[in-house]
Amino acid sequence: MLNQHPADVAEQLAGLDIKSRNIAFYMLSNAEKVDVFSYFEPDIQQEIVKSLTDKDLADVLNNLDPDDRTELFENFPDELIKHSINLLNQEERSIALNLIGYKEDSIARLMTPHYIQVKEYYTVKQVLAHIKKYGKKAETLTYIFIVDGKNRLIDDLKIGEILLADEDTKVEDLIDHNFVSIKTTTPLEDALEVFDKYDRSTIPVITENKVLVGIV
């Protein structure tokens, strides 16, 4: 594929089965990955994204033209957008958030992707094991956030509720689906009023589809 135009390479790879295509793409240099990736159809781009390690995906996304990356995100489900944006460096992440509609004065610009989320079918024992494994990267352990299979927020729990429960208790038996959240498009000033109203130190940030994408 040496000296071929990226569009020609993309066309050749598109004709392969998924496994062969993913392997062939992985064998390209970092620069070639970026050039070829933008010529794939959206469905193939999603397949490629899911096959890459976070490091390789980060290399591709951070070097894509911002307009191409925005078009890519527009075809992604919310959960994949969240994962992809969190892999961007600070400068590219700021650009990406702006281009996909998160204005400078919106709360989404201040959110962090570092938090603990679990599923409602987890037992307390599993939650504690999850915290032990991922807690060092979390911005806060004050709250644990519960999501469904599509990463939609369904509740949150204070860490104290977890610590005081029996280890065999399931998360679904502790939650009441009554929680406070802020949408990504909420202006910063309005978000601060929510903090004051509910006396919260941490609030989850969700999309219009209720997908959890960060906390502030």
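Me: What should I know about the model before I start?
Reply: The model is predicted, so local features need pLDDT of at least 70 and side-chain atom pairs count only at pLDDT 80 or more, while totals for chains, interfaces and linings use all residues. Residues are numbered from 1 along each chain as its sequence is written, and side-chain values use heavy atoms, with hydrogens and water left out.

Me: How do I describe two packed helices, and at what angle do the axes of α2 and α4 cross?
Reply: Two packed helices are described by the angle between their axes and the distance between the axes. Axes are lines fitted to C-alpha atoms, for helices over the stretch in contact, and angles run from 0 to 180 degrees between N-to-C directions. Here, helix α2 (residues 18–26) and helix α4 (residues 42–51) have axes that come within 10 Å and cross at roughly 65°. Therefore α2 and α4 are roughly perpendicular to each other; the cut-offs are under 35 degrees for roughly parallel, over 145 for roughly antiparallel, 65 to 115 for roughly perpendicular, and oblique for the rest.

Me: Which residues of α2 and α4 meet?
Reply: From α2 come Ile18, Arg21, Asn22 and Phe25, and from α4 come Ile44, Glu47, Ile48 and Ser51. Contact here means heavy atoms within 4.5 Å. The residues of this contact of α2 with α4 divide into four nonpolar, two polar and two charged. In this scheme Ala, Val, Leu, Ile, Met, Phe, Trp, Tyr, Cys and Pro count as nonpolar, Asp, Glu, Lys and Arg as charged, and the others, Gly among them, as polar.

Me: Which residues of α4 are buried?
Reply: Buried means under 20% relative accessible area, exposed means over 50%, and partly exposed lies in between (1.4 Å probe, protein chains only). In α4 the buried residues are Ile44, Gln45, Gln46, Ile48 and Val49. They pack against α1 (6–14), α2, α3, α5, α6 (66–74) and α7 (78–85).

Me: At what angle do the axes of α3 and α5 cross?
Reply: For helix α3 (residues 30–37) and helix α5 (residues 54–63), the axes come within 9 Å and cross at roughly 60°. That makes α3 oblique to α5. Asn30, Lys33, Val34 and Phe37 in α3 meet Asp59, Val60 and Asn63 in α5. By class, this contact of α3 with α5 has three nonpolar, two polar and two charged residues.

Me: Now the sheets. What is the order of strands in the one with β1?
Reply: Strands of a sheet pair through backbone hydrogen bonds, either parallel or antiparallel. Two strands pair if DSSP finds at least two bridges between them. This open sheet of three strands has the order β1-β2-β3, with mixed pairing. β1 (117–119) and β3 (153–158) stand at the edges, each with a single partner strand, so one side of each is left without a neighbour in the sheet. The twist averages 35° from one strand to the next. Strand β2 (residues 143–147) pairs with β3 in the antiparallel sense over five bridges, and the bridge partner of Tyr143 in β3 is Lys158.

Me: In which sense do β4 and β5 pair: parallel or antiparallel?
Reply: β4 and strand β5 (residues 204–206) are parallel, over two bridges, and Ile182 stands opposite Val205 in β5. β5 and β6, by contrast, pair in the antiparallel sense over three bridges, where Ile206 stands opposite Leu212 in β6.

Me: Is Asn151 buried or exposed?
Reply: Asn151 is buried, with a relative accessible area of 3%. Asn151 sits in the loop between β2 and β3 and has a positive phi of about 65° although it is not a glycine.

Me: Where does Gly214 lie, and what is it in contact with?
Reply: Gly214 lies in strand β6 (residues 212–215) and is buried, with a relative accessible area of 0%. Leaving aside its neighbours within four places in sequence, Gly214 is in contact with Met111, Thr112, Tyr115, Pro204 and Val205.

Definitions and conventions. Helix = DSSP H or I, 4+ residues; strand = E, 2+ residues; numbered from the N terminus.
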